[in-house]
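Dear colleague,

I am passing on the structure below, and after it I have set out what was found. Please read the notes with the structure open beside them.

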There are 6 protein chains.
Amino acid sequence: MRPSGRAADALRPVSIETGVSAHAEGSCLIRCGRTHVLCTASLEPRVPPFLRNTGLGWVTAEYGMLPRATTSRNQREAKKGQTGRTQEIQRLIGRALRAGLDRAALGERQITIDCDVLQADGGTRCASITGGWVALRLAVNKLMKAGEVKMDPLMDHVAAVSCGIFGGMPLLDLDYAEDSEAGTDANFVMTGRGGLVEIQAAAEGATFSRAEFDAMLALAETGTAQLVEAQKAAIAG
Amino acid sequence: MRPSGRAADALRPVSIETGVSAHAEGSCLIRCGRTHVLCTASLEPRVPPFLRNTGLGWVTAEYGMLPRATTSRNQREAKKGQTGRTQEIQRLIGRALRAGLDRAALGERQITIDCDVLQADGGTRCASITGGWVALRLAVNKLMKAGEVKMDPLMDHVAAVSCGIFGGMPLLDLDYAEDSEAGTDANFVMTGRGGLVEIQAAAEGATFSRAEFDAMLALAETGTAQLVEAQKAAIAG
Amino acid sequence: MRPSGRAADALRPVSIETGVSAHAEGSCLIRCGRTHVLCTASLEPRVPPFLRNTGLGWVTAEYGMLPRATTSRNQREAKKGQTGRTQEIQRLIGRALRAGLDRAALGERQITIDCDVLQADGGTRCASITGGWVALRLAVNKLMKAGEVKMDPLMDHVAAVSCGIFGGMPLLDLDYAEDSEAGTDANFVMTGRGGLVEIQAAAEGATFSRAEFDAMLALAETGTAQLVEAQKAAIAG
Amino acid sequence: MRPSGRAADALRPVSIETGVSAHAEGSCLIRCGRTHVLCTASLEPRVPPFLRNTGLGWVTAEYGMLPRATTSRNQREAKKGQTGRTQEIQRLIGRALRAGLDRAALGERQITIDCDVLQADGGTRCASITGGWVALRLAVNKLMKAGEVKMDPLMDHVAAVSCGIFGGMPLLDLDYAEDSEAGTDANFVMTGRGGLVEIQAAAEGATFSRAEFDAMLALAETGTAQLVEAQKAAIAG
Amino acid sequence: MRPSGRAADALRPVSIETGVSAHAEGSCLIRCGRTHVLCTASLEPRVPPFLRNTGLGWVTAEYGMLPRATTSRNQREAKKGQTGRTQEIQRLIGRALRAGLDRAALGERQITIDCDVLQADGGTRCASITGGWVALRLAVNKLMKAGEVKMDPLMDHVAAVSCGIFGGMPLLDLDYAEDSEAGTDANFVMTGRGGLVEIQAAAEGATFSRAEFDAMLALAETGTAQLVEAQKAAIAG
Amino acid sequence: MRPSGRAADALRPVSIETGVSAHAEGSCLIRCGRTHVLCTASLEPRVPPFLRNTGLGWVTAEYGMLPRATTSRNQREAKKGQTGRTQEIQRLIGRALRAGLDRAALGERQITIDCDVLQADGGTRCASITGGWVALRLAVNKLMKAGEVKMDPLMDHVAAVSCGIFGGMPLLDLDYAEDSEAGTDANFVMTGRGGLVEIQAAAEGATFSRAEFDAMLALAETGTAQLVEAQKAAIAG
């Protein structure tokens, strides 16, 4: 029995509320259990220097956590600077969201996805990718509706989920209590058609075996498929 | 007629939702019209060096704005460092909340109030003070209920509101559109019993007269009295 | 009796010595009692990005304090970075000096006022405004004499003074010893014609009443009028 | 045919020269083709705060690249600060080396592994792990020889290699030219007994399939086994 | 004929005004022609970590230049951080002042010399050393008078002067205009008894010969002897 | 007898290995005893702003030390920022290398010399100058061979060596153990024809006399002449 009482292959309840920002071109508040992330998409008419005059667009991401999103308060990153962990996470989110992107179809414009964790209970980077994609989708829909973009630059859904080995048992979608005790921790980013975008698996203490990895990957396929359904419902919403 | 269509002495609709954080000792989400601020109170067993072994407690505040809280996206402060404006605001919030505080009654512990603006439409520093006081009140209630603090260290409510001179007319509680056009901008921090805690009034372009200042102060007295009622209702919850 | 032995409505002795810098376009050393501030005005042919090609000019200010300007040595800001207090003060000085400015008459050029406190004994921000305006006036005079500016861009004098409530008594122009003990601390920026430019009043400990505030404002009107006379004498000098 | 002319499953020539530092407790210069990394192990008698008085030791890693290790010169990190990429890599190296570590056996001391890239041609993080483990092994041998550590705290070899999908073909140990063109890029960290320590696989452009991932993993098993042999030879050296 | 019209071996007029700070333990304003430096000595009861519990004292120096000390305004170091030039100069001043110091006689206390350039016209580092020593001397005199230090920890005067080769001619005490054109620039720090403390000589463009160096050294001996006399007069003051 | 056992006028064994970088336009690894510095020259088609459109070129230098180049590990400068010592050294190297440079002959391009200390045993700044000049020479040779530069912009060799007074005896080329104990420490930069480029001599504790200085200068002349021969052999190599 896992600490959360869920079945080994059960996601936490997911809700994705769209249109939560009066200003952003796309936005949602994603809740994966007690992990809550506010995702906004901001459209800017310029691209980074290396893309100027190429006709190609760019999607980038930034990630932050409010100081008291966690059990005990963390120092504010605006005061101490971004940690290595934060930079690593926002680089992951950006790569993941670009995986489903046709940069030529987007044209020479940039969309910045801000993922700010209001409350954390494990899996914040995965929730940021899943929610960030919804914010991106809504911003792109707006561009297409306005006729500024002709062909859909988003080729597929992108969603992410964590898995872990807990007491020898592969589990889907770990919360913080489970994650702290897990022997191996893995994040999987996948597309709506099941293509692999990114895998990050790390042993904590003991190494993991090929069989354990395969079991986690199978759980992730199930989990991301459900998250993609939640994305679809939210956008249709 | 003011841009928002409100009467000159009308506040925007205020709502204060408490208990919005699973982790913080006190929390609320305050909405003053379209300005939304998440306020959390974090209790820490230590005080700043200058108070060690004095038996006195401390309340401090930090302020932040999500990058896309505003009409166009601002650079993330975790990347560029806190601006002078941010530091000025968080110093104001801290001073304001300490005005109603009996430091000896609190005892040698620190409460940090984090005010994070999720959506901005003018008056974010005032909303942070009004909401921050609620989060502080809830955290202190928890301490008192647990018997850790005997005498109530909060001597009175503290609330804040902005006023301005717009087209020669004194107005209460400016939204962003009104504030951008106002000739004078003032923030008033007051207690539940009407004591003055802080006044910050600044001319933008033309100077202001004694009569204009007096009119703004009268509006602020009305406004903060209503905000104090909203605080009471929220805490009674 | 106040600690300094002055009457409640007495300024400290003021002296403003102009032309103290061999290089600056305008300069003065202002002494308000033992508070000494070196003010220089530097003319630059460029304006900040948001004013380019608008034909409008800009005045900005920077503030610093030598490490041993104070009773005990402070860490050098060049080593630790500017504190929030420093940034707050220099923003105030800049706003104050722009209040008396016709930006179109100045034309597309910038004047930077540097206010460096050589010795501190309370009231450094007010002395910086009063002295900074003199340096600005001298730099503008030079521009006008050279025919580079046709119409006077300085519409009025700007001067500032602090007031406080000390032992229940409103006092003008607090020195450091008085300020440390005062229950309320206020800074008033006014023009030569008595217009209000900025008011910053803050309770320290107890709140202040409307009557106390009014008494401080009346003192400030007297005080700034005398400072404006000192400015006139210095410039005529 | 891959750009380097190597067989799909061929490592670049590996050499590990030990004892290259006169000062470090353990050191080596690892060359994987034209990628050259200087690895040193520094023993320090203190541990990070979270481990004090626990009896447990710690291994951490830092990574750097000389400005002209690359085809065109990069700005020196000592001037601009560590990039997100650098922090991500040094966190990976540290985690990898701790995977084979018995912290209780090491006792309350810290070993810092510095991996400085003298010349880069792809695969620098993998070379750093493989070489860093050798430096760590040598420093631990020294501790054991001196009788300061009784039981061997290194439970197994740790080595790493990159793989990629190039033109649809899975390849082992990509050099920079191959890596720039690869559609998917993966790093595998494994132990001497074949346990998995860390997997990082990321699509560049197109997603990758389960079959492609499995092929890369098989190549990595072959590659790390050969690197472990090179480690053994170097240490026996 | 040199640009300043002075004889090749003539110092600029020197004045050293002591007691210019109401707060510092020792202070002076040194004027070498148009170069004006405010020097303060601050006594602190602690020493740097490497000297704790050794019974030895420490003298250190910091250097700064007001933004408009120069012909055109420089960016404020509090905003951009200390430049390499500033750090190099303050390290030189500290070393120079420690050369005449008996650290055991001073006892376990630190004196920090702040040298702030109010106006610059060449030779600011030399004026800082010469004036800084006076501030140090006055602070030590105070300690001795108070009986806190028994034996004089200052073994000799320390003074500094610049020399240069201008149009093939060795010159003493260059001002800014001369320094900008000089082919070689040298700073000499010497004691009252003529001992050498530090020599920094650098070619600008062409190299310099042994004979040119010897001529500069002879000029420096004359110059520092006169500066030592000025120090004596100021202290006797 | 000096600690190293060398004669007072004996250099440590010098070796200069060229072509050690696959990417840099010029490179060498210089070994002066146990001090090892990797020097690379990077050609860039742009010059600093103050030289744009002047037709003049620029040579600049950066210096770094690997964390474990020293007996005990130093904190990585990429983490803490460049120290004052590092900035002082790289400014010296840059000035030294520009002393032998005809900027017009180089044309509007910049060459950056990176000097990274792999292992330190005293004299790293001198080894950086001597080795840095070799890297510069090789990069310039490449430019001349390619016909991009017509006239040789390097007018002479530049080399550097340290001297010191140890136990009253002048010594050439101090290693770390000797340098730590020396009463005076001096660095001399000279050209192939014996011209003086830079002298930096500093007393540590006691002052030094004219005679001592002259003895050090004589040793330096001998030492740099031998280093210039080593440069010639390496380039011819």
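Predicted model: local features only at pLDDT ≥ 70, side-chain atom pairs only at ≥ 80, totals over all residues.

Leaving aside residues up to four places away in sequence, Ile113(C) touches, among others, Val59(C), Ala61(C), Glu62(C), Leu97(C) and Leu136(C).

In chain E, strand β2 (residues 26–32) is mostly covered, with six of its seven residues buried. Strand β1 (residues 14–18) of chain E runs antiparallel to β2(E) and is joined to β2(E) by five bridges, and there Glu17(E) has Leu29(E) as its bridge partner. β2(E) also pairs with strand β3 (residues 35–44) of chain E, again in the antiparallel sense, over seven bridges, with Arg31(E) standing opposite His36(E). Two residues lie between the strands of this β2(E) and β3(E) hairpin, in which Gly33(E) takes a positive phi near 60°.

In chain F, helix α4 (residues 124–145) has 22 residues and reaches 31 Å from its first C-alpha to its last, close to the 32 Å expected. Of the 22 residues of α4(F), 17 are buried, and just after the helix Gly147(F) takes a positive phi of about 75°.

As for how the copies are arranged, chain A is superposed on chain B by a rotation of 180° with 0.0 Å of shift along its axis, the RMSD being 0.0 Å. The two copies are thus related as by a two-fold rotation axis, and of the residues of chain A it is Ala78(A) that comes closest to the rotation axis, at 1.8 Å (C-alpha). Because 100% of the interface residues of chain A are also interface residues in chain B, the copies meet through the same surface.

Glu62(A) is buried, with a relative accessible area of 9%, whereas Lys79(B) is partly exposed at 45%.

Another salt bridge is formed by Arg76(E) with Asp114(C), whose closest N and O atoms are 2.7 Å apart. This pair also crosses between chains, from the loop between β4 and α1 of chain E to strand β5 (residues 110–119) of chain C. Both partners count as buried, Arg76(E) at 6% relative accessibility and Asp114(C) at 1%.

With kind regards

Note on methods:
Residues numbered from 1 in each chain as written. Chains lettered and ligands numbered in written order. Heavy atoms only, no water. Contact = heavy atoms within 4.5 Å. Buried < 20%, exposed > 50% of the residue type's maximum accessible area, 1.4 Å probe, protein only. Helix = DSSP H or I, 4+ residues; strand = E, 2+ residues; numbered from the N terminus. Pairing = 2+ DSSP bridges. Expected span 1.5 Å × (residues − 1). Least-squares fit on C-alpha atoms with pLDDT ≥ 70 in both. Salt bridge = Lys/Arg side-chain N within 4 Å of Asp/Glu carboxyl O.
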